[in-house]
Amino acid sequence: MTQPIIEVRDLGVEFVRNRRRNLRFREMFIHAFRSDRRRVQQETFWPLRHVTFEIHPGEAVGIIGRNGAGKSTLLRLVAGVLKPDEGQVVVRGKVAPLIQLSAGFSGDLTGRENVYLVASLHGLSKKEIRDKFDEIVTFAGKQVVDAIDTPVRHYSSGMRVRLAFSLVSRLPHPILLVDEALAVGDREFKKKCYKVIDDLLAEGRTLVLVSHSQPQLTRFCKRGIYLDGGRLVVDGTIQEALDAYNGTETRPHEVDKDDDD
Amino acid sequence: MASTTLGVWHSRNVLWYLIRRDLALKYQQSFMGYLWSLIEPIGIGLIYYFVFIVVIGRGGRLAGTIPEEQYILYLMAGIFSYMWTSSVFNQATKALTSQKALITTMNVPREVFPVGRVFARSAEFLAGIPVLALIAVWRDAPFTRWLLVLPLAMLVQAVFLIGVSLILSSLNVMMPDIERFMSMIGRVIFYSSPILYPLAAVRSADLPGWVKVVYEANPLVGIVELHHSAWFPHVFPSTGLLLTCVTGSVVTLVAGWLLFRRLEPAVLKEL
């Protein structure tokens with residue numbers, strides 16, 4: 001058997017609830033001078049814990065779970081933009097990430113500048129980007145072609161995701177992480193994306209897809225991982241994972257079954 | 001530490017790209033942008049020249065180290081070096097927070113953002129060199145081989161500033177109000193290094209010994225003196241001062257790197 005391309009072992013990450021921006025320089029002074037040194041109560045939680053699995057090259061894996069089950073956190077850990085507090089992630093190969101509907105575009109830069117910036121941060125040379133540029137922009141649709149020299153903050157969310165997907169799917173990296181991105185595009189764009197993903201899978205790339213759309217998941221993924229409350233509950237076929245997910249819901253049709261495909 | 005140094009080296013293309021983008025954003029039109037970057041340092045220089053030479057009195061405290069007619073050159077050499085320092089202090093705090101979109105989606109060595117800021121902001125200093133040369137011609141200051149001290153001065157200053165930038169950028173994610181202290185710190189740095197006055201004036205001042213030791217422990221004192229000595233060789237730092245400022249800069253860099261490593265996981269969660 002080949003070596004796994006993604007290896008996740010007993011993975012856990014801990015967050016501090018309500019922690020956002022409450023440790024201030026000022027407060028450090030106050031604490032330093034106060035005699036009782038009362039510690040601010042910090043409540044922590046684990047958005048993801050004790051998760052173990054392996055993904056082999058060429059696999060397409062769907063990650064399923066309710067909001068807050070740890071799907072995005074898992075993807076961020078695999079992408080290396082979050083560091084684990086427990087366990088480890090080993091990723092053997094470069095990752096093309098589309099996380100939280102973003103490829104890392106900055107709102108104040110134009111579409112063109114963003115494509116160049118993000119692609120060069122992904123290790124593409126200027127020439128490679130120039131060669132692929134028209135293809136990337138054309139794929140994202142006419143609206144994006146027309147607005148390519150406008151700052152991205154003026155784009156609609158659909159335009160932004162289309163350009164992001166178009167760019168990320170053209171990176172030569174062996175691993176593609178896609179988080180909910182396909183939910184935003186319109187029908188026509190989705191069809192184009194499906195074709196691209198089919199092609200990438202046929203090339204032997206590895207896909208990790210987070211989605212709430214049953215048709216999408218069953219179309220691309222043989223394997224499914226079902227997360228609940230930060231724990232891995234099911235790691236099996238995509239159908240097993242979907243069944244587990246649907247079974248936990250009081251309403252029967254939580255997964256969007258009437259997706260256009 | 002070795003692995004992250006290597007990481008930055010591997011992403012030198014990324015680093016170079018970020019620096020150019022930073023500069024392109026700041027200097028939209030090339031020539032006007034260049035002039036624009038000189039307005040602030042020259043403005044500051046003229047104000048101090050007016051105050052200390054014209055109003056207060058003919059360089060009474062120059063302690064005989066600098067010819068009065070060349071004081072403007074002394075002043076500007078220090079100010080251009082200071083501009084680099086102060087813009088790093090001001091902007092390093094935002095080096096990570098302003099790149100949030102990239103950092104939270106893409107696995108690049110996070111160090112490139114603060115390090116890139118230091119290099120990009122050296123542009124203002126480099127832009128000042130022709131101005132210094134012009135002033136030197138105007139004030140009959142000699143061009144000697146001592147100008148070769150400038151690269152050394154820049155190197156030591158870069159080492160120090162990278163350390164500072166790593167510290168401030170990561171700390172500011174955890175404690176966002178650090179930003180507000182920066183203008184005050186900028187002022188402290190300005191007056192506590194020999195920019196307006198010669199170092200000799202501090203040394204000969206009637207101060208307790210420990211104050212002088214603390215004063216010279218600031219690596220920027222040595223760095224500014226290095227910048228001065230390109231034009232005024234006799235102020236070249238003594239071995240002790242040179243050692244202090246080089247050691248201080250390297251220690252700052254190492255401390256910055258360690259702190260950055262240490263805070264990185266928390267920074268990533270917080271962004």
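Predicted model: local features only at pLDDT ≥ 70, side-chain atom pairs only at ≥ 80, totals over all residues.
**Stop 1: two helices in chain B**

Select residues 71–92 of chain B, which is helix α4, and then residues 112–138, which is helix α6. Turn the view until you can look along both. Angles over 145 count as roughly antiparallel, so that is the label for α4(B) and α6(B). Where α4(B) passes α6(B), the crossing is right-handed.

On the α4(B) side, the residues in the contact include B:Phe80, B:Met83 and B:Trp84. Over on α6(B), look for B:Phe125, B:Val131 and B:Leu132, among others. Colour this contact by residue type and you'll get 16 nonpolar, 5 polar and 3 charged.

**Stop 2: back to the opening question**

To see who touches whom, pick B:Tyr74, B:Ala77, B:Gly78, B:Ser81 and B:Thr85 on α4(B). Facing them from α11(B) are B:Leu220, B:Ile223, B:Val224, B:His227 and B:His228. This contact splits into 5 nonpolar, 5 polar and no charged residues.

**Stop 3: where the chains meet**

Next, show both chains. Chain B puts 21 residues into the contact and chain A puts in 22. On the chain B side, the elements giving two or more residues are α2 (12–26), α5 (100–103) and α12 (239–270). That side has 13 nonpolar, 4 polar and 4 charged residues.

**Stop 4: a sheet in chain A**

Hop over to chain A and look for an open sheet of 3 strands, in the order β2-β1-β4, with antiparallel pairing. Its edges are β2 (44–55) and β4 (86–91), and each has a single partner strand, so one side of each has no neighbour in the sheet. From one strand to the next, the twist averages 25 degrees.

Zoom in on β1 (residues 6–16), which is joined to β2(A) by 7 bridges. For one of its residues, A:Glu7, the bridge partner in β2(A) is A:Glu54.

**Last stop: a stretch to treat with care**

Chain A averages a pLDDT of 84, and 85% of its residues score at least 70. Select residues 250–254 of chain A, though, and pLDDT stays under 50.

How values were computed:
Residues numbered from 1 in each chain as written. Chains lettered and ligands numbered in written order. Contact = placed C-beta atoms within 7 Å. Helix = DSSP H or I, 4+ residues; strand = E, 2+ residues; numbered from the N terminus. Nonpolar A, V, L, I, M, F, W, Y, C, P; charged D, E, K, R; others polar. Axes fitted to C-alpha atoms, helices over the stretch in contact; angles between N-to-C directions. Parallel < 35°, antiparallel > 145°, perpendicular 65-115°, else oblique. Left-handed = near helix turned anticlockwise from the far one by under 90°. pLDDT = per-residue confidence, 0-100. Pairing = 2+ DSSP bridges.
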